[in-house]
Every structure is written in C-alpha cells, then in structure tokens.
Amino acid sequence: MTIITVVSAKHSPGTTTTALLVAGAANPLALPLVLEADPAGGDLAARLGVLFDPGMGSLFDATTGPAAAVVEDHARPLSFGVRIVVGSVGRSEEHTSELQS
C-alpha cells in the first residue's frame, strides 16, 4: 500500500485539486482513495455536487468494524476511478460535546 499525503493551511488554493490529480494518476488497480480531512470542513462535496453524507462526518461517527471496511462504507467512486470521502461541514453534536468535556 502506498500513502501519499497532501497537507496545507486552510485557504491554500490547489491542495484538494492536487490530491485529486495525484490520485487520478495512480494505478487504478491500487484503488486510489482521497480522504478530505480538513477539520474546518471540506470543499469537495459542494464542488462535485454530492451530499456530505456519507463522508468524514459519518466516518468519524462510525465506531465498529475493521478500519478498512469502515472507510469503504463512507467512500464514493468518481467517474475517473478515484474514490473519495468528502469533508464534513462540522462534527456531530455527540462527539463535539465529548471533545469539550
């Protein structure tokens, strides 16, 4: 397995696009997957016209099952062979209150 991480500060133009391009150039047999893990919320859902759920919010809320299977449950395929887990618009109230305790 190869993991490529693209990281930047919020409002850094091109980071999400770069991640999608790198994943799109990967061998499709590798089943490339992009996790949009921006804690401030994601842009992919709005850009691609898809719902935020399933996405990082529902993945964050998932508490059972093997990690790979859980990620697969929250990923969606794109037309060019890349799978994505879109960023959330915010954390669930349950986990937000846990974090504040």
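Modeller: Before we start, a word on exposure: buried is under 20% relative accessible area, exposed is over 50%, and partly exposed is in between (1.4 Å probe, protein chains only).

Biologist: Fine. What sort of model is this, and how are residues numbered?

Modeller: This is a predicted model, where local features need pLDDT of at least 70 and side-chain atom pairs count only at pLDDT 80 or more, while totals for chains, interfaces and linings use all residues. Residues are numbered from 1 along each chain as its sequence is written, and side-chain values use heavy atoms, with hydrogens and water left out.

Biologist: How many helices and strands are there?

Modeller: The chain has five helices and three strands. Going along the sequence, the pattern reads α-β-α-α-α-β-β-α. Both are DSSP runs numbered from the N terminus: helices are H or I with at least four residues, strands are E with at least two.

Biologist: And what order do the strands take in the sheet?

Modeller: The order is β1-β3-β2, in an open sheet of three strands with mixed pairing. β1 (33-35) and β2 (76-77) are the edge strands with a single partner each, so one side of each has no neighbour in the sheet. Two strands pair if DSSP finds at least two bridges between them.

Biologist: How many bridges join β1 to β3?

Modeller: Three bridges, and β1 runs parallel to β3 (residues 83-85). Leu33 sits opposite Arg83 of β3.

Biologist: Which partner does Arg83 have in a salt bridge?

Modeller: Glu72, with the closest N and O atoms 2.4 Å apart. Glu72 is in helix α4 (residues 67-74) and Arg83 in strand β3, so the pair ties together parts eleven residues apart in sequence. The rule asks for a side-chain nitrogen of Lys or Arg within 4 Å of a carboxyl oxygen of Asp or Glu, and by that rule the count is one salt bridge.

Biologist: Why would such side chains pair at all?

Modeller: Side chains of opposite charge can pair when their charged atoms come close.

Biologist: Are those two residues buried or exposed?

Modeller: Arg83 counts as buried because its relative accessibility is 15%. Glu72 is partly exposed, at 41%.

Biologist: Switching to the inside: which residues make up the largest nonpolar core?

Modeller: There are ten in all: Ala19, Leu20, Ala23, Val34, Leu44, Ala45, Leu78, Val82, Ile84 and Val86. α1 (15-25) and α2 (44-48) each supply at least two residues of this core, and the largest share, three residues, comes from α1. Apart from this core lies another one of six residues, including Met56, Val70, Val71 and Ala75. A nonpolar core here is a set of buried Ala, Val, Leu, Ile, Met, Phe, Trp, Tyr and Cys residues joined through side-chain atoms within 4.5 Å.

Biologist: What does Leu20 touch?

Modeller: Leaving out residues up to four places away in sequence, Leu20 touches Val34, Leu44, Leu78, Phe80, Val82 and Ile84. A contact means heavy atoms within 4.5 Å.

Biologist: And Leu35, which residues does that one touch?

Modeller: With the neighbours up to four places away again left out, Leu35 touches Met56, Val71 and Val85. Leu35 is in strand β1, and its 43% relative accessibility makes it partly exposed.

Biologist: How much of the chain is buried?

Modeller: 30% of the 101 residues count as buried.

Biologist: Which residues form the nonpolar patch on the surface?

Modeller: Ile4, Val6 and Val22, with about 240 Å² of accessible area together. Val22 is in helix α1 and is partly exposed at 35%. Areas come from the Shrake-Rupley method with a 1.4 Å probe, and for residues only the protein chains shown count as cover. Patch residues have over 30% relative accessible area and no salt bridge; like charges are joined within 9 Å, nonpolar side chains (Val, Leu, Ile, Met, Phe, Trp, Tyr) within 5 Å.

Biologist: Backbone next. Which peptide bond is cis?

Modeller: The one from Asp53 to Pro54, with omega near 10°. Pro54 is in the loop between α2 and α3 (56-61).

Biologist: And what is the phi of Leu31?

Modeller: Positive, about 55°, although Leu31 is not a glycine. Leu31 is in the loop between α1 and β1 and is exposed, at 53% relative accessible area.
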